[in-house]
Each structure stands twice: as structure tokens, then as C-alpha cells.
Amino acid sequence: MAPWQGRVDNTETGDARRWHQVMLPVSQAKAPGRALLGFCSDAGVARNQGRAGASEGPLALRRQLANQAYHLTAPLYDAGDVVCQGDNLESAQQAFAGQVSELLEQGHRVIGLGGGHEIAFASFSGLLAHAQRQATMPRLGILNLDAHLDLRQAERASSGTPFRQCAELCQEAGIDFHYTCLGVSRGGNTPALFARAESLGVEWVLDDQCRSLDSPALKAALERLLARVDWLYLTICLDALPAWIAPGVSAPSARGIELSLVEDVIDHLAARVALPVVDVAEFNPSLDIDARTARVAARLIERLAR
């Protein structure tokens, strides 16, 4: 709980609380709420030939969130971190998935704090494990806001492989793989990746087609996804945003999609479908400028917690 400290407005009348004043360790939870769970990992980014530093993301995000004004009705809990030791990515993903599943069993919405985007396979694995324990198996889907499809074929898992791994996990479980990616950079994904996406039935919308919720390609893709699922895993890779808004990522975007659109997508989904697990990935504090990326990520996390 050390990062949860900040400004206290004792002289105010009315509710002047901030996140650090309401945050509790999840072990003290008396009612379901929003549980933050960090994934401290650089292994996936390193394996994907990216720039290391995302393992420090969860701590930096907590420090940025600490002074957020508290406007929520749900309790806030900190479930701690899963730390990837060295190159032991697979065991860290397994541990994270187990904690996600356990938190869901307790009735919490899980908000993952990355860490590289290898968090996605761990988050979805935990959601699937929880879904399989339901009396009626819900239909699961994935919405990724990302400049990259992250469907790479590789001998070992990385930050570039999570959704290919999710497809394989769905196949093993005998369920449909519903994956939509918004904000894809044409230049950031090879023809081989687009071909793999097509072969897996993935839907994607290019960044220059993502102008607003009313953009035809984006609107149609969202409607098709929502018609197919009961529970949605929402993951936001911060490199979906323009580099001048989110510089603190391994692979900054030359174009990206607007922050306002990301917020509109969150609100649209929250009104339409259950979001048991959400996460924010690829934040690298060592590459940030004036805490721009940290502030943007904190703003998005607050919205995801509503």
C-alpha cells in the first residue's frame, strides 16, 4: 500500500476524498468492488525485441492514481502485483491468470495494470477459467485497442503473441474466438499478420478509419462483436494513442487514435456488455515525458473503474 499516499484536503466541506484515501488491500474487502492487479513484466517486450521498462508500469500507475479525485460508488482494492522474475514469463502469466480468476470469484471487476501486452493472455486465461465455472458458459470476446494485432507466430510467448495464444486457448476449450482490434496501424503489421488475422476470423479497423463512434467501419465492427458475446475482455495498449499523447511506450504511434474516441468506446461498451476484466498495457515510465502517458493511463483507468 506504500504508493497510496497524496494530498489530503482537510479544510474542504463535503466529500474531498482521493483514491489513496479509499484504497484498501483486497484482503480487507467486505463487498465486491474494483480490484487493481499489477503485472510487472519486461520479458514479453524483451522477447519481442522491444524497449524494456514496462515492469515499472504498475508502480508508476498507482502513484499517478493516488491523487485522483474519488467519484466512484464502487469500493477500490489493491490486489498487489504478479512479478515476472527474469525470463519466467509463462509461470508469471499462469500466476496472474489464477489471481484474476480468484478475484472474479469474489465478485470484483479486475483492472489489470501492465506491464507489457503479454498481460493480455494472462487476463483472458483468468477470465476463461472463471467463465468455465459458471452454470451456463457465457460467450466470451476480446476488444483490443492497439496499433498492433499481436498475433505473431513465435516459438516462445511475447508481447507480440498474446491474441494468437488466446485463439489457441479458445480452440482447446472448444469455444469460438471473438477478437476485434481497433486502431491498427497498417505500417506496423506485416502482410503475414493480416493474413493470420483473416485466417483466425479476427476483425480489425485501421487507425485512419477510427475517427468517431459513428465511423462506419468502427461502428459495424463493434456491433458485430457485441452481438456475439455476453462477457467482453477489454484491453487498451497505450501505443494505440498518438506518440505526442502517450510517448511512454515501447513502440510509439505516428498516428494513433484520439483519446476522446478511446473514452467513447469505453463508455459505449460499459452500457452494453459485462466487462469483468479490463487492463491497460505497455506503459513504460522510463520513456515517458512529463508524466504524459501516466496521466492519460490514470484517466483511462478511472473511467474503466466506473
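Which residues in helix 9 meet which residues in helix 10? The close-up views below, taken from a predicted model, begin with this contact.

**View 1. The contact of helix 9 with helix 10.** On the helix 9 side are Leu259, Val262, Glu263, Ile266 and Asp267, and they meet Val296, Arg299, Leu300, Arg303 and Leu304 of helix 10. By class, 6 of the residues in this contact are nonpolar and 4 are charged, with no polar ones.

**View 2. The axes of helix 9 and helix 10.** Two packed helices are described by the angle between their axes and the distance between the axes. Here the axes come within 10 Å and cross at roughly 15°. Angles under 35 degrees count as roughly parallel, and helix 9 and helix 10 are therefore roughly parallel to each other. Their crossing is right-handed.

**View 3. Asp267 in helix 9.** Helix 9 spans residues 259-270 and holds Asp267. With a relative accessible area of 32%, Asp267 is partly exposed. Asp267 and Arg306 lie 39 residues apart in sequence, while their C-alpha atoms are 9.4 Å apart in space.

**View 4. Helix 6 and its surroundings.** Helix 6 has 12 residues, 162-173, and reaches 16 Å from its first C-alpha to its last, close to the 16 Å expected. Its buried residues are Pro162, Phe163, Arg164, Gln165, Cys166, Ala167, Leu169 and Cys170. These buried residues pack against helix 4, helix 5 and helix 7, and also against strand 5, strand 6 and strand 8. Just after helix 6 comes Gly174, which takes a positive phi of about 75°.

Terms used:
Residues numbered from 1 in each chain as written. Predicted model: local features only at pLDDT ≥ 70, side-chain atom pairs only at ≥ 80, totals over all residues. Heavy atoms only, no water. Helix = DSSP H or I, 4+ residues; strand = E, 2+ residues; numbered from the N terminus. Buried < 20%, exposed > 50% of the residue type's maximum accessible area, 1.4 Å probe, protein only. Expected span 1.5 Å × (residues − 1). Contact = heavy atoms within 4.5 Å. Axes fitted to C-alpha atoms, helices over the stretch in contact; angles between N-to-C directions. Parallel < 35°, antiparallel > 145°, perpendicular 65-115°, else oblique. Left-handed = near helix turned anticlockwise from the far one by under 90°. Nonpolar A, V, L, I, M, F, W, Y, C, P; charged D, E, K, R; others polar.
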